Each structure stands twice: as structure tokens, then as C-alpha cells.
Amino acid sequence: ADSEEEAIKQVRETGHCRYAYMTEDGKCEIKLTEEEKTWWIDSAKKTVDKIIEKNVDNEGYTFVLSEDYKELQVFANKDGKLSEFHLVYAIEIIQLFSGADDWNVVITVTNTENGVEIAKANCPKEELIIEPEMWDE
């Protein structure tokens, strides 16, 4: 979505969340029934499983996610294309809709060629930054 308004429209159009709106302070407020909450959590878990399964044998990177959805390890080489960050969005949905007041996931990126940890961030509080020269350290 290009804007908060567009995101809210998309959420409403799923048919699994009728109550989504912007508050006066610019935050998105979502109210879900238990049935809707279960649908979102199950859908997010399926997304996580699909992404992790898809990348088990993928050239360039592999994801390992803790059972509590709080730690994501990424094993990658410099030629890997880390484009599966729908995974982080799905983790956010699982945590928040399961009752967490705030969500976070610690993402650690390890270079598979030499075993060196090249980046680590506690998202969303910290931004995960990977610079090309980090692969050569």
C-alpha cells in the first residue's frame, strides 16, 4: 500500500476486518472479532511457513525463526537476494494479534561463506542495514 488510507482499504477488502481506521494521532486502529483474529494469525503463520520452506534450498539465503517469533536468523551470501521481508510483516501480525502490546524481532544476518555475523537489529526499533563492504569483513 502506498499510504495508510490505502492500507486500511486493503485490510477492509479482505473481508476479515471490518473495523480499521486512522485515529486522530495518525495511528491505524484495528478491531477484530476472535474469528477474524484467528484468521489473520493462521494466514500469517502460513505465509511464514511458505517463505521458510521456499528458502530451505534456495541459493543465497536461508531463514531460521524461533518458535516464539522473536528471533530471525538469516544465513546468506553476498549474492543472495534478501527480498522476503513479507516474513517480518507476518511476524508482526502474529505477535500483535496474539496479544502482544508491542512487537519486535531480532534479525541476525550471518555470512554463510565465512560464518561471520554481519548485521543485527531489533526491528522495528532498529533498522537492519547491510552494506556491500560488510560481506568482505
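Side chains alternate along strand S4. Buried means under 20% relative accessible area, exposed over 50%, and partly exposed in between (1.4 Å probe, protein chains only). Strands (E, at least two residues) and helices (H or I, at least four) are DSSP runs, numbered from the N terminus. In a regular strand, side chains alternate between the two faces of the sheet.

The model is predicted: local features need pLDDT of at least 70, side-chain atom pairs count only at pLDDT 80 or more, and totals for chains, interfaces and linings use all residues. Residues are numbered from 1 along each chain as its sequence is written, and side-chain values use heavy atoms, with hydrogens and water left out.

Two strands pair if DSSP finds at least two bridges between them. S3 and S4 run antiparallel and are joined by five bridges. Tyrosine 61 has alanine 76 in S4 as its bridge partner. The hairpin of S3 and S4 has five residues between the strands. Tyrosine 69 in this hairpin takes a positive phi near 65°. S4 and S5 run parallel, joined by six bridges. Here valine 74 stands opposite valine 109 in S5.

Another hairpin is formed by S1 and S2. Strand S1 covers residues 19-22 and strand S2 residues 28-31. Their pairing is antiparallel, over four bridges. Tyrosine 21 has glutamate 29 in S2 as its bridge partner. Five residues lie between the strands. Glycine 26 in the turn has a positive phi of about 85°.

Helix H3 (residues 86-97) has twelve residues. The expected span of a helix is 1.5 Å times one less than its number of residues. For H3 this gives 16 Å, and its end C-alpha atoms are 16 Å apart, which agrees. Its buried residues are Leu87, Val88, Ala90, Ile91, Ile93, Ile94, Gln95 and Phe97. Glycine 99 follows H3 and has a positive phi, near 115°.

Side chains of opposite charge can pair when their charged atoms come close. A salt bridge is a side-chain nitrogen of Lys or Arg within 4 Å of a carboxyl oxygen of Asp or Glu. By this rule there are two salt bridges. One joins the side chains of lysine 37 and glutamate 34 (3.3 Å, N to O). These residues are three apart in helix H2, so about one helical turn separates them. Lysine 37 is partly exposed, at 26% relative accessibility. Glutamate 34 is exposed, at 56%.

Aspartate 136 forms a salt bridge with lysine 78, with the closest N and O atoms 3.8 Å apart. This pair links distant parts of the chain, 58 residues apart. Aspartate 136 lies in the segment after strand S6 (117-123), and lysine 78 in the loop between S4 and H3. Aspartate 136 is exposed, at 58% relative accessibility. Lysine 78 is partly exposed, at 45%.

The largest pocket is lined by 20 residues. Cys28, Ile30, Glu92, Leu96 and Phe97 lie nearest its centre. Helix H1 (4-13), S2, H2 and H3 each give two or more residues to the lining. H3 provides the largest share, five residues. On a 1 Å grid over the protein atoms alone, a pocket is an open set of points where a 1.4 Å probe fits, with protein on both sides within 12 Å along at least five of seven lines; lining residues have an atom within 4 Å of a point.
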